[in-house]
Amino acid sequence: MGLFILRRLGVMLLTALCLTFIVFWLTNLYPNLEKLAKTQGNFRMSDEAVASFLEDRGYLQPTWDKFGEWLGVRPGYVTEREDGETFGRCFSSSTPEEERRTFCGVLQGDWGFSTVFKDNVGSLVAERLGKTGFLMMWVLILMVPSALIVGVLAGMREGSKLDRSLSTFSIATTATPEYVSGVIFIALLASSNYGLSPLLTQWGLLGSEGALFGEGRTLFLGSATKAMDDATFWNFFLPVLTISLYGMGYIARMTRASMTEVMTAQYIRTARLKGVKFSDIVLKHALRNALIAPFTVIMLQIPWLLNGVVIVETLFNYKGFGWLLVQAAGNNDIELLLAVSVVSVAVVLLTQLISDIGYVYLNPRIRIS
Amino acid sequence: MEPLTWTGSLSGLNLIFQLALGLLILGIIVQILISLVPSADSRAVNADGTLSANTGISGFVGTLVNWFFFAVVGIILIYVILGIFMGTGAGIIGGMSRQFLPTWIALIVTFALSITYKRKLGLYGKLFDSTVGMIGFAIVMFWVFTGVLGGIFDLIVTHDSLSQASGMKNKLPGTPLRGAEEGEYAWYLLGGDNLARDVFSRLVKGSWVVVLIAPLATLFAFMVGITLGLPAGYYGGKLDTILSFVANLILAFPVILLFFLLVTPEIVLTGIPNYMAAVLFVFPLIFVAVLLNSRYYTQPSFRTPLLAVVLGVMAWAYLSMISNDGTIIDNASYTIPGLPTFLDWIPMPSEILVVFVSVVFVNSPTVFRIVRGLALDIKTRDYVAAAQTRGEGPWYIMLWEILPNARGPLIVDFCLRIGYTTILLGTLGFFGLGLESESPDWGSTINAGRRLLSLYPHAAIAPALSLLTLVLGLNLLADGLREESLRD
């Protein structure tokens, strides 16, 4: 087991390094750098001005050198201007001589400086990640139990009416990407002119003092910007629901498949013949074995949730990690984008590792060769 | 002119429809609740020794639900069929139904022909034995026909998808066109968008973009995945290790990040998508060449002309796909000349090429993993051993023994993957990547409509629902196919 985890960790590191390099290379292509120079300087810079701007800031070194500097295994560049001003990757011209470092990269814990937000990348990413972590937590709290319940209920009696309606429901949710369900939810539940809200207002259930569904003009709020500081059911439920719904269908289908398989097993038949109550069979005999496969699926679903997070944060204007990714990529903010990709790649690889280990741990029949 | 209502002169039916729909939903909820309670069916032994069970309350509710379901479907059919005859007299639904007439005819002809000859049509014919499969197929074909008839032949659309009409900005569905001229369609059936263009026509035009790109991109991804996955699974060893590592590398990338990195104007300038296209589009050629060669290499007199003709046509198609205005890559520092313009018969604008390439690139590793897994499984079968004993070459075994036996799961995955590709295309449009902003495709339209979502939702809701139905149809189709292919 130890060797297995060690080998997986090694492959993981290699993968992460390769992926980071690809991102690094793509963001450091010349047209991208040119755009960066023009947005940083001014849009009417001549080609020579762009070149000297980039040269000064070390962007025109070979990609490998720059990558090494970013990683922190190569000394950062130092530029000496003709007027005697000296600055480099790790210090500005005003830093005293003795405090100037040679190495400043990821290994030294220095993630660089965001050109869009004019802030330290490390703290920026950490802050936004916290916001998204909060969103993800609620998504998982809503998604996992409801998906498991739907799957188990559908799978315990294969072919029943309940099974068929729940399976249709899960197929429908897997066919609804976040940008579709989000749009429908906003129009239906968060618009003051359309959908349910005007109807409920008319009936006096909404929008007045002491009304059943609150005093707001709409049932839910179509923007989650306020939820970043003060999340309430009213302003936070729609984004959470939108992300959960798309992932839910898949987990529910996997749970159903695993549940139906378990329910046809010999030992379940024995239990039934013994005269055990049906609810006891489902809860005590079947459930534990049926939940092994969904565990893997849930872990592998987390990277997919990341996509949903980007879409939903853009749609609902919740300024978290996904929103940061869009901003960084849209403005070619190289160091921010690199940090964002390192985090997301790490999330993907870690969940894969956890799902592998968890599967082995949960299922005693699987032994690693 | 009066604005159209949704059902026009058929509005008398609305109350009945709402009643039936409400009762149907209520019935389904009751049914679910009842099924949670264990039923104590009373069984009676008949005189002839047979048992008969009382269906009880759940059976009664079941019958009711069935009736309400048929009532709802029946009323919807009345709306649609009367709409074909009454046109806008039957409101917006009638008007749309009349516009979709070519699609209805094509659908009915397809279904009539397929059901008549279903025993001779193999797996496709078997699809018509499963209700779920037929529903899925009907929805998918509805959009395919709409895309083809509306996108190429301009049959269904009411207005030009780019022209703006004065005073129609953000107008509600069914608004009459101000100052409509003779011969011009007098209404915006699904309203106007924020640039005063007709939402309905853009919807139809946009379906063509989706119907064209999604299956083709999926097909290319399958070619790449199959060509690499079969040898990886069959040979194993170093080749497998390297290919699997690369596939996992791409899979570990969050899709959206990859899109943001690949589909930007700056990256297009460097020509990287063109290089990727040049590499990825070669795979169909390799696939077909190996497929034909491994089968016919014992008959060189037949194989050589066959290969020459097939590969010649495919190479021509390949070159015209990757070249644009006579160049393959044209960036600031250098130019690689391609096929001259007069031989270039596939117009592939660079922004579509980028979208196409990135979607193929994202999909192929997953296909690779599936094919590799299937090949690993099938290569242990007896008929593969028999072929090896006969002395068949490895490529013959892979393409003519393993691949046909893996077709069931692959066809099912193909359907699901088209749906997934549709979602990806929508995601690209939603972030305004790739296709230009006036493109009528559904993702871009949703993106344009979402800014005014709570005030004028119709411009975003219409494409959102269309995308939902298409992907749902593909999922149902895949389910039906899976069911039928398991039955063999």
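Domain bounds here come from an automatic or database domain assignment. This is a predicted model, in which local features need pLDDT of at least 70 and side-chain atom pairs count only at pLDDT 80 or more, while totals for chains, interfaces and linings use all residues. Residues are numbered from 1 along each chain as its sequence is written, chains are lettered from A in the order in which they are written, and side-chain values use heavy atoms, with hydrogens and water left out.

**Chain B**

Select residues 1-35 together with 54-99 of chain B for domain 1, then 201-487 for domain 2. The centres of these two domains of chain B, taken over C-alpha atoms, are 40 Å apart.

**Chain B against chain A**

Show both chains. Contact (heavy atoms within 4.5 Å) involves 46 residues of chain B and 54 residues of chain A. Buried area is the accessible area (1.4 Å probe) that two parts lose on being put together, summed over both. Between chain B and chain A it is about 4,400 Å², with 78% given by carbon and sulfur atoms.

A salt bridge is a side-chain nitrogen of Lys or Arg within 4 Å of a carboxyl oxygen of Asp or Glu. There are 2 salt bridges between chain B and chain A. For one of the salt bridges, select B:Glu266 and A:Lys35, with 3.9 Å from N to O.

**The two domains of chain A**

Now colour 2-108 of chain A as domain 1 and 121-362 as domain 2. In contact are 20 residues from domain 1 of chain A and 15 residues from domain 2 of chain A. Their centres, over C-alpha atoms, are separated by 38 Å. About 1,500 Å² is buried between these domains, 73% of it from carbon and sulfur atoms. On the domain 1 side, pick A:Arg8, A:Met12 and A:Thr27, which lose the most area to domain 2 and together make up 32% of what that side buries.

A pocket is an open set of points on a 1 Å grid over the protein atoms alone, where a 1.4 Å probe fits, with protein on both sides within 12 Å along at least five of seven lines; lining residues have an atom within 4 Å of a point. The second largest pocket has a volume of about 660 Å³, a volume being the space filled by probe spheres set on the points. Among its 30 lining residues, select A:Tyr59, A:Tyr77, A:Arg89, A:Phe113 and A:Glu335, the closest to its centre. Both domain 1 and domain 2 of chain A give residues to the lining, so this pocket lies between them.
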